[in-house]
Amino acid sequence: MQQLLELSRRINLSQYVVYIGFLLIFLFFAITLGDDGFLTQRNLTNIILQTAPTTIMAIGLVFVLAAGEIDLSFGSIVAVAALSSAVILGEYPLFYGVLAGLGVGIAIGFFNGVLVAYLRLPSFLVTLATMGLFAGIARSMTNLRSVPVINESFVGFFGSGSLFGVPSLLLWTLGAVAVGHFVFRETKLGAHVLATGDNPRAAQVSGIKVPRVRLMVMMICGGLAGLAGLLYAGRLQAARYTLGESDLMTVIAAVIIGGTALNGGKGTIIGALVGSLMMGMLNNGLILMGLSVSDQMIVRGVIILIAVAISLRDVNR
Amino acid sequence: MHLITKTAFAAAVSLALTGTSWAQTIGPSGETATPSAEVVVADSDIATLKAGNHTAALVWHDQSDFVSAVSAGATDEFARFGIEVVATTNAAFDTAKQRSDIETVLAKEPSIVLALPLDPVASAAAFKEATETGVQLVFLSNVPAGYEHGTHYASIVTDDLFQMGKQAADALAADLGGKGKVGWIFHDATYYVTNQRDNAFKTTIENDYPEMEIVATAGISDPARAEEIANAMLLKHPDLAGVYVTWAGPAEGVLSALRSNGNKSTKIVTLDLSEPIALDMVRGGNVSAIVADEAYELGRAMAASAARGLLGQDSPAFVVAPAITVNADNVQEGWQTSLHRDAPKSLTQ
């Protein structure tokens, strides 16, 4: 094990761990489950569509982590955004429903961001608190009741629809990844995010408005969590207070395995996409293997542990 | 006679419609209940089933002793028919994950899916794909909105929910000699299973035990907060003779509150078997009885209903498995009947 880690350090395996891991897991399932439906087009499409919301949350988290902050509240934002959107759609047309979902997400991100950027409260504690706060709001909004979404254009746009045969969830994933990657790599904001995460004081001295960057990343994360909420609402044709609740660990794992540094200054959107797909594929394959639920959890935990250990090897040096 | 029947029917309907004071377990859409023992596969049909090389998937909401026992009951019954369980999933109460789980297991093209749909509203879209592929669906306890018996699913199988609540009330009343002040800790969520059980307890105390009175009520949605809730209740009503707790998880918190208050007199009744709760009961502590469902039998009946569906035979829309009251004297038997395994060692030593 020690030798393996040493080798991985020498060839800087951490950079590629997500791609290698993805490939290895894919090959393993393809060989063992080839006859069990794993390789069918439907199943592979399922994996991509099922991971759409987590991929979109992961993109937001890359910005936050790369800036040296963390957001633990995005799961709760997903639920509040989905419920807001579903409630508004019951009375008003599509546009307002979408506006409500995204608006709520960005607004909560703004709220988190102000506390983190201008009051200089640690983002871990702020979002730990707002995670509970907004989970509570999600529960009380509709008294724990699920809200059906019957607006067909909404369901088409965000759930089961397709454009030229390409499912809408795939389009949202690709769109968010493309825009996220562009902003992160090619714009001033992306550069400022990395500089802030790498060394906030140096960034401040070199003229970067560090608080503004911190506010922006929290808002991006909130907005994308809102979008993920819309996708869940579209896919399930309903919103419920539990949406997004269990995604926190999956998304953090996907982002870290993808190659984003937990302590800032380094991040990759494409890595997060592959990380998210890897997590989805793992869930899918372990179910198809016919493992008991407990065994699925154990195997998943071990694989994530190995992947994270190799990913963080470089960072922790 | 005719008039009496009609009046009784009208009364039953009005009871069902008022929602809180029904007299027996009714299905989510008002279906009458058929005992699970009536859902069986004829021996003469077993060979046909075996020749079919069928497979089944179990799509559960969560992981627990209860779910394990239902799975065991189903798996054993399926084994008799040569049906293999090829996938098992746990949504951890996440409707979105359950949707993904269904899509995933359908890749294995099972002939049967047994499932507990998490939520009537949010599960409707989730199970749609399964109904379209012609899989035999049997639901546990809940049914997605708009689904019809025979068209979309073979049966709903559930506990005799009313009996569970009623037997809890009867057990508490028996222990308290039919009098005293009672606290009622109910599940504060719109959830068919717990709502029916909780209300049955309340109705039974109110209707059958005139010298007992529910003086304190509190809702819980997070079992982890049960201890705080019980502490607050005991502070306001130190003279409670008994407390009903909606299920065993929160009852552990209530028990802990009683212990830390040094309270040895207030009795607890709760639903679903749990070792810590049962241990207090066999040691003569606060717990007077636990009412349990026959989880293993639920699984068996689900499997039998699905197998009947494969054979083209109808099954009743709404099937209930019996409830059993477990007290200090019949712990071993209770565990066997409910979960189909021996009671934990701590309880029988």
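**A walk through the model**

Trainee: Where is the place of H340(B)?
Mentor: H340(B) has its place in a loop of chain B. Helices (DSSP runs of H or I, at least four residues) and strands (runs of E, at least two) are numbered from the N terminus. That loop is between α13 (331-339) and α14 (345-348) of chain B.

Trainee: And what kind of model is this?
Mentor: Residues are numbered from 1 along each chain as its sequence is written, while chains are lettered from A and ligands numbered from 1 in the order in which they are written. Local features need pLDDT of at least 70, side-chain atom pairs count only at pLDDT 80 or more, and totals for chains, interfaces and linings use all residues, this being a predicted model.

Trainee: Which residues does R240(A) touch?
Mentor: R240(A) is in the loop between β4 (238-239) and α13 (248-258) of chain A, and it counts as buried because it has 29 C-beta neighbours inside 10 Å. Its C-alpha atom is 8.9 Å from that of V80(A), 160 residues away along the chain. A contact needs two C-beta atoms, placed from the backbone, within 7 Å. Leaving out residues up to four places away in sequence, R240(A) touches S146(A), T95(B), D119(B) and A122(B).

Trainee: Which element of chain B gives the most to the side that touches chain A?
Mentor: The contact takes 30 residues from chain B and 28 from chain A. On the chain B side, β3 (84-90), α4 (95-106) and α5 (123-126) each supply at least two residues. The one giving the most, with nine residues, is α4(B).

Trainee: How many residues on that side of chain B are nonpolar?
Mentor: Ala, Val, Leu, Ile, Met, Phe, Trp, Tyr, Cys and Pro count as nonpolar, Asp, Glu, Lys and Arg as charged, and the others, Gly among them, as polar. That side has eight charged and nine polar residues, and the nonpolar count is 13.

Trainee: Which strands are the edge strands of the open sheet of seven in chain B?
Mentor: The order is β1-β12-β6-β5-β4-β2-β3, with parallel pairing; two strands pair if DSSP finds at least two bridges between them. Six bridges join β2 (55-60) to β3 of chain B, and W60(B) has N90(B) as its bridge partner in β3(B). Pairing on one side only are β1 (34-35) and β3 of chain B.

Trainee: Which strands stand at the edges of the six-stranded sheet?
Mentor: That open sheet runs β8-β7-β9-β10-β11-β13 in chain B, with mixed pairing. Each edge strand has a single partner, so one side of each has no neighbour in the sheet: β8 (212-220) and β13 (323-326) of chain B.

Trainee: What stands opposite A292(B) in β13(B)?
Mentor: β11 (287-293) and β13 of chain B pair in the antiparallel sense over four bridges. Opposite A292(B) is I324(B).

Trainee: At what angle do the axes of α10(B) and α11(B) cross?
Mentor: Axes are lines fitted to C-alpha atoms, for helices over the stretch in contact, with angles running from 0 to 180 degrees between N-to-C directions. Under 35 degrees is roughly parallel, over 145 roughly antiparallel, 65 to 115 roughly perpendicular, and the rest oblique. This pair is therefore oblique. The axes come within 9 Å and cross at roughly 50 degrees.

Trainee: Which residues of α11(B) make that contact?
Mentor: By class, the contact has five nonpolar, no polar and two charged residues. From α10(B) come A248(B), A251(B), E252(B) and L255(B), and from α11(B) come P276(B), I277(B) and D280(B).

Definitions and conventions: A residue is buried if 20 or more other C-beta atoms lie within 10 Å of its own, exposed if 12 or fewer, and partly exposed in between; C-beta atoms are placed from the backbone.
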